[in-house]
Amino acid sequence: MEKDPQKSKLSRRFLTHIRMTIAAWTIIVGASFLWDLYSHKYVIITGEKFRIAVGIGYILLWILVSGGILALGRQWKKTIDQLHDTMASLQQTERRQRALLDAIPDLLFVFNREGRYLDVGGTAHSPIYKQPEEMLGKTLLDVLPKDLAQERLALIQKVLDTGEPQSFEYWIPLQDEERFFEGRIVPGSPDEVLFITRDITEKKEAADKLRRLKEFNESIVQRVSEGIVVQDLDGRFSFVNPAAAELLGYTVEELTGQCWTTIVPPDQRQLVKQADERRKAGISDHYELELLRKDGSRVIVLTSGNPMLVDGEYAGTMAVFTDIRAQKEAEAALENANDELEYAVLRANELAVAAEKANQAKSEFLATMSHEIRTPMNGIIGMTELALSTSLTAEQREYLTAVQTSAEALLGIINDILDFSKIEAGKLELEEIDFDLRDTVEKLGDILSPRALEKNLELLIYVEPTAITAVRGDPLRLRQIMVNLVGNAIKFTDEGEVRVEAKMLNATDDTIEMKISVIDTGIGIPEEKQTLIFETFSQADSTTTRKYGGTGLGLAISRQLVEMMGGSLWVESEYGRGSVFNFTVLLTRQPTALAPDAGDERLRDIRVLVVDDNASSRRILASTLEAWGCPVEEAADGTQALRQLEHALDAGNLFDVVLLDVQMPQMNGIEVLQTIRQTDGLGSLPVVMLPMVNTLREVINRRDLAWADYVTKPVKYAELMRGLLVAIGAEEAKEPTDGAEDADPDIHISKTDVEILLVEDNEINRRLAVAMLEREGYRLQTAENGKIALAMLEAHPFDLILMDVQMPEMNGLEATAAIRANPAWADIPIIAMTAHALEGDREYFISAGMNDYVTKPIRTKEVTAAIARQLTRIATDDTPAPPDAPEEIPIPPANDILDPSGPLEWFGGDVKTFAELLAFFLVEAEGYLDDLSAAIAGDDAHAVTQIAHKLKGAAANMGASQVQYAAFALEKMGKAGELADAPAALETLRDEFSSLKNYCQPYMLMVNTE
């Protein structure tokens, strides 16, 4: 057994003191003896002397022993103090080591050979492990599941036997997740091991996400339709995607490792070499290039080259090839088109090439293409409509109906694309007007009921009775979203119902948050496809496109419109079991909006029996009635309803009103009502019929059954309330009608007395309009453009003008301005007839002096309604006068120097205001140029940046794009602090401004003379 060094030292000191004491006593006794011997020559040890000697010895012994004991005590105290200090230091070290162990992310365990926990560290940061005091002294079998504990014991045994560390990964299942760990067991003392483990769940998840992201990116590159190659420093292809190989007629393996000269013909190689130099300088660009295919043929591509950098050093080039053969062929075909279309396409292409004008080019291209497509569509739809109004065989009518349906579908596609493009370009603006949300939702029934009836589906609409519906927003776009969702639901549902439910989620003093759900019993959507359907040009299954039709844009447009309204759109669906499309919108509460409508007090406590075979319909009706304070009972069919009526009659507690669905299986509503009228005690029971539009005539023809009123399905809130009030005698019944109403107002003017001037350059459209309106009884004369129309007005008076907008020689806007400038013609109604359908077009045409607006393709109902509105206005003088004639200041034609179309749209078409602001801009710009000159001379980069930025913004507001770009160039130099080229840039700016000023001078003279 090892001795304590402190105790040994103390023992040695104590024995030394004893030895010194004995030695001193011996010396004293010996000295006394020698003295006697020297003094007396003999030694006589008497008892007294002996006692004296012994006493002295004891005294010395006591002194020495006491001194030793005192010294020993002091030494013991010093030693104990040192031991205390050592123990405190050891405890502090142990606490520090424990804190360090607990602070590290790893978990540390010390096990003996039996798997017993000897020590634990790091568990403070691991909520899945028990605390040390719960684990120490226990074995693995006490803490872990048996199979996992036996695995650990085997590894511990292996480490102790071989002395080799063991590493492994494992996972632990928890209640709501799985946690992953990596562990390492290393030998410690001969019978102990140290087990170090770390939670790697986040690491594995990150690695898994990285792997999925890598696979996703690779999938994109592999599946993208553009060809992609990566060229290394030696000019060889280190990567080739399938699209590039297919484009060039090779396999991926054949092209990988080849030099770029393999696919670039000799006459194109200089282009590639120059591009490579730009890549090495870190510049990306786009250029057209002819590539050599494996079979020797050539393909023209748009090449986008981008430098690849590794640690900031150029390491190669990534090139993207876009096959533009089709584009080139289309461009060649467009050269043979008419001049107007050629100009529009070339203008669009020209603007599209310039990155700064990309959005403007897109808008102009869409406007032109919309016009060009709508013009022939006008002829197709109009002529088909005329043909369908003639005597036809069944086969002919079927063919023409198919043509009309297809043309309407194509028109819908055009509208979808325009909407999507406006949203994408950020040019679609939402209105902010007062409207009633309940009315907007319920009118879906008027729009979509016919489509639902065609498929024998029941369309149900429910707006929560307690919702606040007096709101501000854009009802047109909100209805567009709902029409799209409900239309899709009808399209993909073959039997059952489509239900619309609107509920209020939150309400503050300023806003209302609504949730609207469209529920169907249709085909449903697989879970993996539910995200895809919101992408552009996509449907859940490509086969559904062929079966059901559609562009795949509707949901993408709807989602973006919903997001613009501060909400979100999502789907809940199970394949084969229907879908629920939900969306929320945030609407402004009208300042005068009252609390939720509590119903009419006269209906409170009115007992109602709801008879309907559709459970959802019964629930909607019952919910509304209960909100009004009406006790409600339900019956699922006619037999059950009659039974409930008999019980109520027997109990003397008859219902006040019966709501009776017409279209029910086995016993329909008419048959139920007949039975009620034949039953004693029920002859005068008030009954409100609930027909669909297709059964309304059947109800109206049975007035003999004495129904109190009817409310067509889907049931509207206000109509249901009115029907109940009529039933209890609180209101007058309405005159029965089958819903056929004359679209034209009663204007008390003979159509044959009205002479119309039709101004249209397209011969087919002229013939169509003439046939359409003459059939309606109007008299027409035609003109091919605005110039001819003015000449005809000089020779002959007309009552109304239908004016095409886009015409050669003199377009509709120019002709309208000339007409309004003549006092004799100032009051002639002018109806714009155009294919333009972009945001702001209507306001622009009205501000130009036109009175009304009809979009192409024109339809008989729409154009006759517009004519009737204007004739009514003239006959009754009950509408405001036509807009004032525009100022006699012509609009400067748009070109590269000045394009006033944008500013004019912002100013609501007010040419005079635009001209005045342009004059002010020209004066202010002179000062900006002088200030820029001074800032450049003073090498003041900050001032250059500020002044150029102001001038750039002002020029953009005026549509002076060349001045804008020149100012932008100076602004960039100022931001970079590099003014070496600023004087030359300023000269360019002065030249552009001078061109603008000269161009605008004639118009400025007109402004100054006003």
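Which residue is the bridge partner of Leu758 in strand 24? The partner is Thr782. The notes below start from this pair and go on to other parts of the model, which is a predicted one.

1. Strands 1, 4 and 5. Strand 5 pairs with strand 1 in the antiparallel sense, through six bridges. Within this pairing, Leu108 has Ile196 of strand 5 as its bridge partner. Strand 4 (residues 178–187) is also antiparallel to strand 5, and seven bridges join them. Here the bridge partner of Glu182 is Arg198 in strand 5. Strand 4 and strand 5 make a hairpin, with four residues between them.

2. The structure has eight aromatic pairs. One of them is Phe111 with Phe195: the ring centres are 6.3 Å apart and the planes stand at 35°. Phe111 is in strand 1 (residues 107–112) and Phe195 in strand 5 (residues 192–199), so the pair ties together parts 84 residues apart in sequence. Phe111 and Phe195 are both buried. They also belong to one aromatic cluster, together with Phe109, Tyr117 and Phe168.

3. Trp628 and Tyr717. How are the rings of Trp628 and Tyr717 arranged, and what is the angle between the planes? The pair is edge-to-face, with 80° between the planes and 5.2 Å from centre to centre. Trp628 sits in the loop between helix 19 (615–627) and strand 19 (632–635), while Tyr717 is in helix 23; the pair links parts of the chain 89 residues apart. Trp628 has a relative accessibility of 0% and therefore counts as buried. Tyr717, at 8% relative accessibility, is buried too.

4. Arginines over rings. Arg607 lies over the face of Phe655, and the distance to the ring centre is 4.3 Å. Arg703 is placed over the face of Trp707, at 4.4 Å from the ring centre.

5. A cis peptide bond. The bond from Lys713 to Pro714 is cis, with omega near 0°. Pro714 is in the loop between strand 22 (709–710) and helix 23 (717–727).

6. Positive phi values. Asp605 is a residue other than glycine with a positive phi, near 70°. It lies in the loop between strand 17 (579–589) and strand 18 (608–611). Is Asp605 buried or exposed? With a relative accessibility of 55%, Asp605 counts as exposed because the value is over 50%. Asp939 likewise has a positive phi, near 55°. Asp939 belongs to the loop between helix 30 (911–937) and helix 31. Asp939 is exposed, with a relative accessible area of 58%.

7. Thr945. Thr945 is part of helix 31 (residues 941–958). Its relative accessible area is 11%, so Thr945 is buried, the limit being under 20%. Which residues does Thr945 contact, leaving aside its neighbours within four places in sequence? They are Glu971, Gly974 and Lys975. With Gly974 there is also a polar approach: a polar atom of the Thr945 side chain lies 3.3 Å from the backbone oxygen of Gly974.

Conventions:
Residues numbered from 1 in each chain as written. Heavy atoms only, no water. Helix = DSSP H or I, 4+ residues; strand = E, 2+ residues; numbered from the N terminus. Buried < 20%, exposed > 50% of the residue type's maximum accessible area, 1.4 Å probe, protein only. Polar contact = N/O pair within 3.5 Å; in protein donor to acceptor, adjacent residues only side chain to side chain. Contact = heavy atoms within 4.5 Å. Pairing = 2+ DSSP bridges. Phe/Tyr/Trp six-rings, centres within 6.5 Å; stacked < 30°, edge-to-face > 60°. Lys NZ or Arg CZ within 6 Å of the ring centre and 35° of its normal.
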